[in-house]
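This report goes through one protein chain from the level of single residue pairs up to the whole model. The sequence and the coordinates come next.

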Amino acid sequence: MSAPDSQLPDSVFVPLAHGKRRPWWQAGWISWWGHLSASRQDRFAFIAPLASVLLFMTAIGFSFWYLRAEELEREQEAVRRDVEYAQQRVRLRLLERQEQLMRLARDVSNGEVNAEDFTTRAESLISQHPELQAITWIDDRRLIVASQDAASVSVDQQRQAGQALPVGETEGAYSLARDMMQPVYAQPASKIPTLTPSLQLHVPLTDRGRFAGVVLGEYSIDGLLRYGVPPEISAKYAVALLDANNSVLAGNSAPARSASGALWSWTDRTTEYEVPVSPVGNGLLIRAQGYRASLGLVGSGLFWLVGALSAMTVWMLLGTWRHTRRRMQAQRALVSETNFRRAMENSMPTGMRALDLQGRITYVNAAFCQMTGWQESELVGQLAPFPYWPDADHEQLKSRLDDELNGRVKSNGFQMRVKRHDGTHFDARLYMSPLIDARGRQTGWMASMTDITEPNRVRQQLSESFQRFTTVLEALDASVSVAPLGSEELLFANKLYRQWFEGNSVGHLQLVAQAGVPTPSASDEALDDVDAYAGLPTGALTAAQPENAEVFLPELGKWLEVRSRYLTWVDGRLAQMVIATDITPRRHAEALAAAQEERAQSASRLITMGEMASSVAHELNQPLTAINNYCNGMVSRIKGKQIKEADLLAALEKTAHQAQRAGQIIQRIRSFVKRSEPNRSLSSVSVMVGEAVELAGIELKRRNVRLTPYVAARLPDLLVDPILIEQVLVNLLKNAAESIGQANRPSANRSVELRVLPKVVGDLPGVEFSVLDSGKGLAPEVMQRLYEAFFSTKAEGMGIGLSLCRSIVESHHGRMQADNIYNGPEVVGCCFSFWIPQHQPGPHTAPAAAIESEPKATS
């Protein structure tokens, strides 16, 4: 099926149609391969599979080495972890025995144990703990007072009472324990090599602060290894206890590998780890050596499996290489015609035109003829100027054609005017690419032409629409800014924003931060052309309702209402639009209204105290009368010299108490009526209720009304102005007393009940204050106008008390209501209640600096 090179068409590698350009790596590969000769292509096709085989075998070898190195590292880590665990077990066992011997030594030092008791307790310890060989009581003269040995100790090694301790055996450890007065571990040097190595613990004895000997405990090192090291560790490793010279005291070592075994194993290194045993120190080491479980290189089933698979892979690669060589000859004959036809088929939606190297038209497709209105026979073979060139553009298009024929082609194409056969014109964009044959020679140029008349018209309309839209935004009395999330770039800012913030993104970010809208900081991803929010559901964000907030900017001296929302920018990025409106005049008006309301509240408190003036005077008259009586009595008795110093002192104390009582009444009234700035703080409910009850109790006593307060336990503190809440309670209690007085209730029914209970309203926890009286209740017409300003049922009332109370409660985000109390169809009283929510700390709070910097309204 292969054709000779002379029969191949001249143009082989035709670029794809506009909008379907080849990737750079594919275009470069095709260009490089096309420029190779047939012999070089064959040589490359021969070398490439062999190189692939070598790379594959290298990768397999490296994988074996890496996996084995990782396996050895895991084995070493397991040995280290298990050795440290075994060391901890041995250490805990030594510390437990040390604590038991120290308790025995303390009893001996206190005289609570004699030699017989010592022997009994030592025997019990040795029987319970097999690693202990002997426990001996030695006095300060190195004489053995008592000793108890394990049954496994030979008779010639046992110590007898009354014997002197050999000087060379434990002299160093005995002296060190005497000097330091601390327990000392030592390994005695045995003169008989066949004796089992042991470990000694010298615990000093004291007699009134003086050294009185030691309690000597002797451990079997082999017993420590046997009973101290967990069995699972002894089964996995060759565990041994070593001295400071790395001599094995107990245990065993892993057997050494033979020379022949080392040749076939992965590595001849033995996995081991050793660590000192505390509290003995470096004189006693514990070591574990891992038994070799690896089967070696040849004995590994994985090796043979991978080797077989690798051989199969190499065989398949070689077979593929032979098959590829057979296909190369047929492929070279087909590639020219196939690529040319594919280029034509892919370019059908646009007009296609081919030129030879002399600039003569050699081919046009149907789409090109349909765009221009010229027939193929009228165009093919023509030289410049072409029939579809406008007469006025001949010189410009001729110069551009010369550039194209000389290889000076722009990759993004160029725009030109095209004349149709009927004389009309349209805008088009042309893209040029060279025509290459199978031998790699250029035979001409291929151009794709697209009609862009409609896109140009739409672009012009969009430009005009953008201009109108920008004009409207520039004239707004609010600042508008748009910035992408996670970046400090400013995408849009209108005139007012530029006047306030000088056209940078600092103002946008400041508004977003003060308004409490979360925005991420710029990261390294923002430096790349990668959207950090790629993959997020931007549709849900852009469809969300805008968020509003009011912030104060000290540098501008303005209050701004900030509204923000998310939107998708023209380039697809997720952005945030912020609209800031100057509301400083409105805030000033609100401040003036708040000041007026504050003065009204202060006036209401003064009116309340004015209405309670007679009650207050009566309340003050009692302590003042008592003071006068005490003073007159003392004067009379002093003149008659009939008073003792103790009686005089008691009378003066009672006088001071009455004066203090009068001062407290005046101070409470002064605090209630004193005008002060609104001050909301976390206030105790019981304290506020107590102050209000003290103030209102004066009026209730004058009207012979009994007050019953009930405050629930463990109520939360409320974020309120305590003076204002006390004002509401005093007004409600005073109104309740007046209602009872107007109803002419008998003394038994003249009562007011104050209840303070926790209550949840709309999933918000809070506290409800209720005032229940036994008056005649509220008429329906009064209930409708209850909170209307300057409406009052009292002849001397001003009608601002309940209106102010409701304003105060609502300013604390609460609610107030009034209901009649019924006993069947009869009204037997009224209940006024108001609810204040519990303070819920939130993430968005106005900055203190902004609140302090707000202009204050002055009266």
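Which residue in E7 is the bridge partner of Leu-241? The partner is Ala-250. The model in which this pair is found is predicted.

## The four-stranded sheet

The pairing of Leu-241 with Ala-250 belongs to the contact between strand E6, residues 237-242, and E7, which run antiparallel and share 3 bridges. Both strands are part of an open sheet of 4 strands, ordered E7-E6-E9-E8 and paired in the antiparallel sense. At the edges stand strand E7 (248-251) and strand E8 (272-277), each of which pairs on one side only. From one strand to the next, the twist averages 25°.

The peptide bond leading from Ser-278 into Pro-279 is cis, and its omega is near 5°.

Strand E4 covers residues 198-207; 8 of its 10 residues are buried, so E4 is largely enclosed by the rest of the structure. Strand E3 (residues 184-186) pairs with E4 in the antiparallel sense over 3 bridges. In that pairing, Ala-186 has Gln-200 of E4 as its bridge partner.

E4 also pairs with strand E5 (residues 210-220), again antiparallel, over 10 bridges. Across this pairing, Pro-204 stands opposite Val-214 in E5. The hairpin formed by E4 and E5 has 2 residues between the strands, and Arg-208 in this hairpin takes a positive phi near 55°.

## Backbone geometry in loops

Pro-385 sits in the loop that links helix H11 (376-379) and helix H12 (394-405).

Two arginines in loops have positive phi. Arg-142 has a phi near 70°, a positive value in a residue other than glycine, and lies in the loop between strand E1 (132-138) and strand E2 (144-149). Its relative accessibility is 16%, and since the cut-off for buried is under 20%, Arg-142 counts as buried. Arg-714 has a phi near 55° and lies in the loop between strand E21 (706-711) and strand E22 (718-720). With a relative accessibility of 82%, Arg-714 counts as exposed.

## A buried aspartate

Asp-437 is placed in the loop between strand E13 (425-436) and strand E14 (442-451). Its relative accessible area is 1%, so Asp-437 is buried.

One of its polar atoms lies 3.2 Å from the backbone nitrogen of Arg-439. The side chain also reaches the backbone nitrogen of Gly-440, at 3.0 Å.

## Cysteines

How many disulfides does the count come to? The count comes to 0 disulfides. Among the cysteines, Cys-369 counts as buried at 15% relative accessibility, and Cys-805 counts as buried at 1%.

## The chain as a whole

The protein chain has 25 helices and 26 strands. Of its 859 residues, 38% are buried. Among contacts in the protein chain with a separation of 6 or more, 62% are between residues 24 or more positions apart.

## Confidence

The average pLDDT of the protein chain is 78, and 77% of the residues score at least 70. Confidence is highest in strand E24 (residues 764-773), at a mean of 94, and lowest in helix H25 (residues 848-853), at a mean of 36. Over residues 1-21 the pLDDT is below 50, and this stretch has 55 contacts in the model beyond near neighbours in sequence. Residues 525-531 also have a pLDDT below 50, with 5 contacts beyond near neighbours in sequence.

Where pLDDT is low, the predicted coordinates should not be read in detail.

Technical notes: Residues are numbered from 1 along each chain as its sequence is written. This is a predicted model: local features need pLDDT of at least 70, side-chain atom pairs count only at pLDDT 80 or more; totals for chains, interfaces and linings use all residues. Side-chain values use heavy atoms; hydrogens and water are left out. Two strands pair if DSSP finds at least two bridges between them. Axes are lines fitted to C-alpha atoms, for helices over the stretch in contact, and angles run from 0 to 180 degrees between N-to-C directions. pLDDT is the predictor's confidence in each residue, from 0 to 100. Contact means heavy atoms within 4.5 Å. A disulfide is a pair of cysteine sulfur atoms within 2.5 Å. Buried means under 20% relative accessible area, exposed over 50%, partly exposed in between (1.4 Å probe, protein chains only). A polar contact is a pair of N or O atoms within 3.5 Å; within protein, one must be able to donate a hydrogen and the other to accept it, and residues adjacent in sequence count only if both atoms are side-chain atoms.
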